[in-house]
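Here is a walk through one protein model, taken strand by strand and core by core. Keep the structure open as you read.

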Amino acid sequence: MDHSGTCTVRQWCGGVSPALRVPSFQRGYVWGAAGAEAFYRDLRDTCLTGGEHYLGIVLLSSSPGSAPDLIDGQQRLITLAFLLAALRECAGLPRDQIPLPSLQLKPQHQTFFLHCLTGGVFSDGEGEGVPPLSEVQQSMEDACHRLLALLHADFASPAERTSFAAWLLSRVCLTFAQLHPFRDPIGAFLRLNGDGDGLHALKVQVLLRSRPGKAREAAARFWDTVSDRLGSEFSELLRMILAIKAPDELREEPAAACRRLLEKLSGDVFAEMVLAPYARVYEILLARREIPAPEPQQSRLRELFWWLNQLPTRDWMTPALYFLAALLYTSDRADLLAFFQRLERLAAFLYLTGAAPADAQARFSALLRALKSGGIAEQAAAEATELLENEAARFAAVLDGPLLSTLDSAQVRYVLLRLESFAAGGLSRRFMAPDGLPGFADELPSLVPTLSGIVVAQVFPAPADGWPQWTAEDSSRWSGRAANLVPLLGGDWDPALPFAAKKDRYLATRLGPEEFTLTAQVLRQCGWTPALAAERQEMLCGVLRRGWRI
């Protein structure tokens, strides 16, 4: 067939015409399990009545010597292809009885799409060595598995599935319509798809305001590349870019703010000169990409980025994104390490002293304004990230106080592990291996070393048998403070046992070598006394003050 007029699914799939091509400006497959199920249920309900089903118009754009471009209908046709593949899988029918359509997706999606059509997705496991899926690939896989499950649930026997397949191929129709050769295919696509919201609406705004032709196609490629790399992080990056480039407009919806920003920049310039560079910096801040800096500065920066990413919010990231992007893409140089040391200290102070979310956001917004008005010169960056004298005193008081009663469990783990990193000259690589890079967890998969999996235990319990040297006053004074806390990863630490018995049992049952410097220091002691706790508290608070430069 020539991809024009109305035809059945069998006529389309069995035709010899060239594959329909998904052009670069289209988004990827997004229907996933929910969209595929809605599509299937419409078909199934019509099948039960024995009637015909109409899938609607599929809009194409053709040019001599090339495959037709799919302007509208991509989600429907891909889902139809997955349904046919699932039917072939569960009915056990040969290829000639259930032909599959010929679709040419964007290069980064085509291989996995063919993997789905040939049934490989139905036999995939989650074993070692299986690379993580992109959002589009995950959406494809979810759709395939949901369709297969629905077919098994609704059609109990192979004969029923074969009957449904015959109905689908012969009684389901679709209409192909060709765009007028003088119409702009991207413009037609944008007018058909520009009324949505979210990331797709922002992409439409960028493409609408791009220069027609190759510039617009390049903008689409930049957008898709960044979106595929960042996945769910992409929307957060766009929010930060808008905060940097169009802060006043952020009181409106993101799409409105984007439109205002694009009044100053064409869409293709925005994609190439703003989106792509900021995306590279964003991945550096997420510790997924190496920062172009010499050693040992690079390793120390990577560790600081890792610690910043352990915080529950990312208010710190917008000024960090601006600072690092300005530094890497201009000739203005500053002390990278010093800036991020102060930024991590400021973020830790706001987190551990319980700053209200609005106050933390205001502080980092003020930092962004200071950096933009004063440039990224060392003096401006230092003044904007410095703690006030009363803030430093408050920070030190929190760290010296009863952590278990003043902080929540996540904050206590953060303090103990940050203290561990200061005391040991860095945190073990097992905790800091980023996604996709080898680390300790690859060597010992039985251990799952994350901050949330670490247990913080007290060296002594309330006064009990075996602890005669500890009075009630001593217990009250040292309970929950840093000196009396140890981080644990595996092993049996019974809080009711005397110190010597507790230490022996832990040493006999712990996993692997000594995991933490702080714990090893305690285990080397012959006993545990109030005087030792006082000495240790002074030492540990000194380590924290020097490490954070309080």
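Two strands pair if DSSP finds at least two bridges between them. Helices (H or I, at least four residues) and strands (E, at least two) are DSSP runs, numbered from the N terminus. This is a predicted model, in which local features need pLDDT of at least 70, side-chain atom pairs count only at pLDDT 80 or more, and totals for chains, interfaces and linings use all residues. Residues are numbered from 1 along each chain as its sequence is written, and side-chain values use heavy atoms, with hydrogens and water left out.

Start with strand β3 (residues 53–61). β3 and strand β4 (residues 69–72) pair in the antiparallel sense over three bridges. Strand β6 (residues 172–178) runs parallel to β3, joined to it by six bridges. Find Leu-60. Leu-60 stands opposite Leu-70 in β4 and opposite Gln-178 in β6. β3 is mostly covered, with seven of its nine residues buried. Buried means under 20% relative accessible area, exposed over 50%, and partly exposed in between (1.4 Å probe, protein chains only).

Now turn to the cores. A nonpolar core is a set of buried Ala, Val, Leu, Ile, Met, Phe, Trp, Tyr and Cys residues joined through side-chain atoms within 4.5 Å. The largest has 87 residues, and Leu-237, Leu-285, Trp-316 and Phe-340 have the most contacts inside it. Helix α15 (residues 336–352) gives the largest share of this core, twelve residues. Apart from it lies another core, of 56 residues, including Val-22, Leu-55, Cys-144 and Phe-155.

What does Leu-237 touch, leaving aside its neighbours within four places in sequence? Leu-237 is in contact (heavy atoms within 4.5 Å) with Val-226, Leu-230, Leu-275, Tyr-278, Ala-279, Tyr-282 and Leu-321.

Arg-302 lies in helix α13 (residues 297–309). Arg-302 counts as buried because its relative accessible area is 17%. A polar atom of its side chain lies 2.9 Å from the backbone oxygen of Ala-287.

What about cysteines? Zero disulfides turn up in a search of the whole structure; a disulfide here is a pair of cysteine sulfur atoms within 2.5 Å. Cys-47 is buried at 16% relative accessible area, and Cys-541 is buried at 6%.

Last, confidence. pLDDT is the predictor's confidence in each residue, from 0 to 100. The chain's mean is 80, and 80% of its residues reach 70 or more. Helix α18 (residues 389–400) is highest at a mean of 95, and helix α22 (residues 440–443) lowest at 32. Over residues 429–449, pLDDT stays under 50.

How values were computed. Polar contact = N/O pair within 3.5 Å; in protein donor to acceptor, adjacent residues only side chain to side chain.
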